[in-house]
Amino acid sequence: MRQAVDGKDFGKMIWLPSSLRDWLDGQASQLLYPAPSSADYFLTPIGEPALVSADSVSWHIFKNPVALFIGGISAVLLELAHPSVRSGVWEHTSFRTHPRQRIQRTGFAAMVTVYAARSRAEEMIAAVGVMHRRIRGVTPSGVEYRADDPDLLTWVHATAAYGFLEAYHAFVHPLGDPQRDAFYAEGKTSARLYGANNAPSSDAACKALCENILPILESSDIVHEFLSIMAKTPLLPPPLSRLQPFLLNAAVHLVPKPVRGVLGLDMHWHFPSWQRALVTQAGRAADRIPMAHSPAVLSCRRLGLADNFLYRKWTSSR
């Protein structure tokens with residue numbers, strides 16, 4: 001028998017006026033999809049399952065745009081704390097010159113990995129692997145790196161998993177230990193496809209990885225440059241753009257305190273309780289508003305599930 005997660009009902013769906021719902025749906029699609037045809041990734045092939053099942057913890061977490069925004073920024077901060085990953089990201093991507101497009105491509109890839117049909121996800125991940133094999137260089141301290149290094153890929157995968165999970169846990173709904181462990185375990189298949197062979201498969205394993213890698217992490221002006229770019233780049237439409245500074249604050253404070261200390265973030269970033277409450281309200285509301293053209297809803301249609309499948313009471317067979 002299926003049981004409600006932690007015995008909780010996370011709330012009923014919010015039904016907005018059609019004009020407001022369509023506007024939000026359109027704005028979300030513009031930010032997420034690189035091209036109008038990108039939505040096809042989630043609609044076809046009809047009936048083909050994704051890398052993780054539709055009743056997974058991952059499908060519930062990734063449907064929430066607030067958690068994805070906060071968690072994605074936190075993940076990048078953790079990546080930039082690692083000198084080899086930082087050099088690869090900053091020297092070989094367009095974060096500095098085209099930050100919105102870069103975030104769009106990264107977010108779309110995450111959605112394809114979770115929601116798209118397995119064959120489409122495998123095809124995309126293989127293409128990413130080809131690009132990674134061409135990226136290599138030397139850090140300012142003289143350490144050689146290559147983007148397809150399994151250890152670096154493991155750190156990148158772990159930071160993303162940490163960011164999305166902790167953002168949902170902190171600003172949408174608390175998750176119990178079984179759901180937290182399940183989320184990491186669900187990511188093992190895609191991690192192996194990406195080449196992250198030692199990706200953590202539990203909450204404890206992720207915490208152990210962070211502790212072990214902490215001595216390698218270091219401060220850099222690039223971290224502060226990245227945050228400055230994120231503060232200046234309009235990622236949300238008016239009037240939602242007023243939330244962007246608060247979401248950025250939330251992302252900084254989601255980074256583990258020891259890492260924030262290494263990066264020197266605690267001295268410059270403050271997240272008062274009223275901002276935390278506002279971000280939490282936004283996160284919980286976003287979790288209850290189905291978007292007709294979101295990857296989550298389109299993928300439910302591919303599998304013959306109702307549009308509101310992920311917005312009912314959250315159940316799990318675990």
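Helices are DSSP runs of at least four residues, numbered from the N terminus. The model described here is predicted. In this numbering, a loop lies between α2 (40–43) and α3 (57–61), and Pro-45 is placed in that loop.

Two cis peptide bonds are described. Most peptide bonds are trans. The bond from Thr-44 to Pro-45, however, is cis, with omega near -5°. The bond from Pro-238 to Pro-239 is also cis, with omega near 0°. Pro-239 sits in the loop between α12 and α13.

Helix α12 covers residues 221–232, and helix α13 covers residues 244–254. Their axes lie 9 Å apart, and the packing angle is about 155°. Angles over 145 degrees count as roughly antiparallel, and α12 and α13 are therefore roughly antiparallel to each other. The crossing of α12 past α13 is right-handed. On the α12 side, the contact is formed by Leu-227, Met-230 and Ala-231. These residues meet Gln-244, Leu-248 and Val-252 of α13. By class, this contact holds 5 nonpolar residues, 1 polar residue and no charged residues.

Helix α9 spans residues 177–186. The axes of α8 and α9 come within 11 Å and cross at roughly 150°. That angle makes α8 roughly antiparallel to α9. Here too the crossing is right-handed, with α8 passing α9. From α8, the contact draws on Ala-161, Tyr-162, Phe-164, Leu-165, Glu-166 and His-169. From α9, Arg-180, Phe-183 and Tyr-184 take part. The contact of α8 with α9 divides into 6 nonpolar, 1 polar and 2 charged residues.

The elements that give two or more residues are α8 (150–171), α11 (203–213) and α14 (257–263). The largest share, 5 residues, comes from α11. By class, the lining of the second largest pocket has 7 nonpolar, no polar and 5 charged residues.

Notes:
Residues are numbered from 1 along each chain as its sequence is written. This is a predicted model: local features need pLDDT of at least 70, side-chain atom pairs count only at pLDDT 80 or more; totals for chains, interfaces and linings use all residues. Side-chain values use heavy atoms; hydrogens and water are left out. Axes are lines fitted to C-alpha atoms, for helices over the stretch in contact, and angles run from 0 to 180 degrees between N-to-C directions. Angles under 35 degrees count as roughly parallel, over 145 as roughly antiparallel, 65 to 115 as roughly perpendicular and the rest as oblique. A crossing is left-handed if the near helix is turned anticlockwise from the far one by less than a right angle, and right-handed if clockwise. Contact means heavy atoms within 4.5 Å. Ala, Val, Leu, Ile, Met, Phe, Trp, Tyr, Cys and Pro count as nonpolar, Asp, Glu, Lys and Arg as charged, and the others, Gly among them, as polar.
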